[in-house]
Amino acid sequence: MAGIVDADCYIHSHSHMPMILKQAFFRVDIQNRKATPVDKLFVNDAAAVSYGGYGQAGEFKPASKHSPVIHLSGNGKAMKATL
């Protein structure tokens, strides 16, 4: 997704692996004619269904049910995620 759209936060799911990571990036600041360093937040959600079905039949590992929580600031442009 980050290679297609420039955003501050990317939320993804279906990989069954809860994960949070930040990646440094330079964003073009046209008004000030410079590149500004920013951190992009990537959040991957966990599985939502119980173990069984195709996962059990295919002998896949059970997935964690703990989903990340995204915290957005109401006072400024700040965000973080916790697991």
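**Why these labels? A predicted model, questioned**

Me: Why is Thr 82 called partly exposed?
Reply: Its relative accessible area is 35%. Buried means under 20%, exposed means over 50%, and partly exposed lies in between (1.4 Å probe, protein chains only). The 35% of Thr 82 falls in between, so the label is partly exposed.

Me: What kind of model is this, and how is it read?
Reply: The model is predicted: local features need pLDDT of at least 70 and side-chain atom pairs count only at pLDDT 80 or more, while totals for chains, interfaces and linings use all residues. Residues are numbered from 1 along each chain as its sequence is written, and side-chain values use heavy atoms, with hydrogens and water left out.

Me: Where does Thr 82 sit?
Reply: Thr 82 is in strand 5, residues 79–82. Strands (E, at least two residues) and helices (H or I, at least four) are DSSP runs, numbered from the N terminus. Thr 82 is 23 residues from Glu 59 in sequence, and their C-alpha atoms are 29 Å apart.

Me: What makes the phi of Glu 59 worth a note?
Reply: Phi of Glu 59 is near 60°, a positive value in a residue other than glycine. Most residues other than glycine have a negative phi. Glu 59 lies in the loop between helix 1 (53–57) and strand 4 (69–72).

Me: Is Glu 59 buried or exposed?
Reply: Exposed, because its relative accessibility is 71% and that passes the cut-off.

Me: Which other residue has a positive phi although it is not a glycine?
Reply: Arg 33, with a phi of about 55°. Arg 33 is in the loop between strand 2 and strand 3 (34–44). Its relative accessible area is 79%, so Arg 33 counts as exposed.

Me: How do you know that Arg 27 and Asp 6 form a salt bridge?
Reply: A salt bridge needs a side-chain nitrogen of Lys or Arg within 4 Å of a carboxyl oxygen of Asp or Glu. Arg 27 and Asp 6 meet at 2.9 Å, N to O. Arg 27 is in strand 2 and Asp 6 in the segment before strand 1 (9–12), 21 residues apart.

Me: What makes Asp 6 and Lys 40 a salt bridge too?
Reply: Their side chains meet at 3.2 Å, N to O, inside the limit. Asp 6 is in the segment before strand 1 and Lys 40 in strand 3, 34 residues apart.

Me: How do you know that Asp 8 belongs to a network?
Reply: Asp 8 meets Arg 27 in a salt bridge at 2.9 Å, N to O. Asp 8 is in the segment before strand 1, Arg 27 in strand 2, 19 residues apart. Salt bridges that share partners join Asp 6, Asp 8, Arg 27, Lys 40 and Lys 77 into one network. The whole structure has four salt bridges.

Me: Why are Arg 27 and Lys 40 called buried?
Reply: Arg 27 has 16% relative accessibility, so it is buried. Lys 40 is at 1%, so it is buried. Asp 6, at 43%, is partly exposed. Asp 8, at 25%, is partly exposed.

Me: What makes the nonpolar surface patch a patch?
Reply: Met 17, Met 19 and Leu 21 make it, with an area of about 270 Å². Patch residues have over 30% relative accessible area and no salt bridge; nonpolar side chains (Val, Leu, Ile, Met, Phe, Trp, Tyr) are joined within 5 Å, like charges within 9 Å. Areas come from the Shrake-Rupley method with a 1.4 Å probe; for residues, only the protein chains shown count as cover. Leu 21 is in strand 2, residues 19–29.

Me: Which residue has its C-alpha 8.4 Å from that of Met 19?
Reply: Ser 67, which is 48 residues away along the chain. Ser 67 lies in the loop between helix 1 and strand 4. At 33% relative accessible area, Ser 67 is partly exposed.
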